[in-house]
Amino acid sequence: MKLSVIKKLFLTSWNLAERNTNLSSKLDKDILSSVFIKANKDKVVLLATDSKTALRCTAEGVTVLEEGSEILPVNKLSELFKKAPSDEFMIDVRNGKIVIKAGKGVYRFSSYAAGEYPEFPSADNAEKFCTISSAELSRILEEGTICASLGDDYPLYLSSVNFEIKDNMLRIASTDGFRVAASSACAECFAESGTQEPATMKGVKELQKILSTLDAASPVEILHNDKLFFFRSENIEFSLLRVETKFPNYEKIMPTESTLAVTVDRSMLADVLERVDVVVKDFTHQALICIDGDSTMTLYGKAPDIGTVKDEISVKAEGEPLNIAVNARYLLDAVRVVREPDLKIWFNGSKDKMLISRCENKDFFCMIAPMNISEAEIAKYKSEPKDGEDAF
């Protein structure tokens with residue numbers, strides 16, 4: 001196999017493949033820390049897997065001088081590719097030996113035999129789930145995954161992302177037990193309405209990075225079998241593990257009415273929450289939200305040995321006055337992902353869940369459970385300490 005490589009273009013494809021190898025492996029001969037490269041006259045394909053995710057992509061910026069297949073060890077070659085002294089370099093593989101010629105440098109390494117690579121997953125026999133644009137899939141993943149954990153939490157749905165077909169839409173949802181986020185977009189659906197399939201959040205995180213490299217209008221075909229989800233675009237096929245768990249029926253616990261609706265500038269609310277979180281982030285994250293009229297929201301926070309905060313923001317409020325304690329970080333996560341200038345927050349008293357959504361519709365929402373707080377604690381939040389008095 002002999003390839004002429006344009007460095008900048010090739011690295012875009014190589015970096016995608018590299019991230020899907022077992023980079024944490026300390027073993028020199030770990031086959032999963034390698035990229036399998038297949039070169040023929042029509043195209044060059046890179047294959048990479050860490051056994052939980054798998055990527056197949058067409059490499060850009062490569063001219064095939066001699067066809068062939070080889071397994072290239074990432075830990076030896078990646079840094080050299082990135083630090084190559086010239087804009088173009090040559091990869092020549094013969095008899096298990098890799099020769100890289102870049103500028104005046106010549107570098108030699110050992111490769112693996114192509115037959116050693118594990119069986120690679122393919123979407124060819126998978127069932128169609130839906131087709132959606134890259135931009136819309138990227139948006140609903142950003143909005144709908146804010147509650148999922150990147151760890152291996154138990155129960156498994158806490159570290160999973162739920163893919164659901166609902167009324168000709170794809171809905172993405174996640175939960176950590178204290179809040180739920182869900183986001184929907186129109187899609188060409190093939191699975192029946194109500195079909196739900198959770199996937200690992202770790203794998204979805206990598207999918208988001210891959211989507212960022214695609215054209216916004218590129219269609220992404222989503223397929224599934226009994227073990228895997230597949231995401232296929234023109235030059236990329238990515239797979240990740242489905243999770244054997246049942247996602248909670250969060251619609252059963254959604255508030256069906258509200259006692260107060262607040263419209264607020266998203267950017268201004270994010271700024272206030274960040275200032276409040278400076279005080280409370282190393283304590284309980286608790287913030288007290290007070291709305292006594294129709295135009296002002298006041299936020300309070302406190303933490304022993306750190307300080308207190310009182311901040312205000314102008315809002316448009318319709319409904320009953322309210323004092324409610326919330327996790328400032330949870331609310332801030334929801335506020336940050338909404339891209340519109342304004343958002344709406346729906347309250348149903350101080351003991352029920354609050355709902356954050358766009359002003360025009362609820363194709364995205366985040367439902368957050370309130371924190372317990374007594375009337376005495378509320379009064380202490382609101383009281384201004386006198387000179388010499390403990391503010392906590």
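## Sorting the residues

Ala, Val, Leu, Ile, Met, Phe, Trp, Tyr, Cys and Pro count as nonpolar, Asp, Glu, Lys and Arg count as charged, and the others, Gly among them, count as polar. Keep that in mind as we look inside this structure, which is a predicted model.

## A space inside

Rolling a probe the size of a water molecule over the atoms shows where empty space is left. Here there are 2 cavities of 30 Å³ or more, and the largest cavity holds about 60 Å³ of space.

What lines the largest cavity? Its lining is made of Leu207, Ile210, Leu211, Leu214, Val220, Phe231, Arg232, Ser233, Ile236 and Phe238. By the sorting above, that gives 8 nonpolar residues, 1 polar and 1 charged. At least two lining residues come from each of α4 (201-211), β17 (228-232) and β18 (236-241). The largest share, 3 residues, belongs to α4.

## A strand tucked away

Now let's visit strand β20, residues 286-291. Is it buried or exposed? Since 6 of its 6 residues are buried, β20 is largely enclosed by the rest of the structure. You can check both faces: Gln286, Leu288 and Cys290 are buried on one side, and Ala287, Ile289 and Ile291 are buried on the other.

## Partners of the strand

Strand β20 runs antiparallel to β23 (residues 322-327), and 6 bridges join the two. Look for Cys290 here, which stands opposite Asn323 in β23.

Strand β21 (residues 296-303) also runs antiparallel to β20, joined to it by 3 bridges. In this pairing, Leu288 stands opposite Tyr300 of β21. With 4 residues between them, β20 and β21 form a hairpin.

Key:
Residues numbered from 1 in each chain as written. Predicted model: local features only at pLDDT ≥ 70, side-chain atom pairs only at ≥ 80, totals over all residues. Heavy atoms only, no water. 1 Å grid on protein atoms, 1.4 Å probe; cavity = no way out; pocket = protein on both sides within 12 Å on 5 of 7 lines; lining within 4 Å. Points joined across faces, edges and corners; volume = space filled by probe spheres on them. Buried < 20%, exposed > 50% of the residue type's maximum accessible area, 1.4 Å probe, protein only. Pairing = 2+ DSSP bridges.
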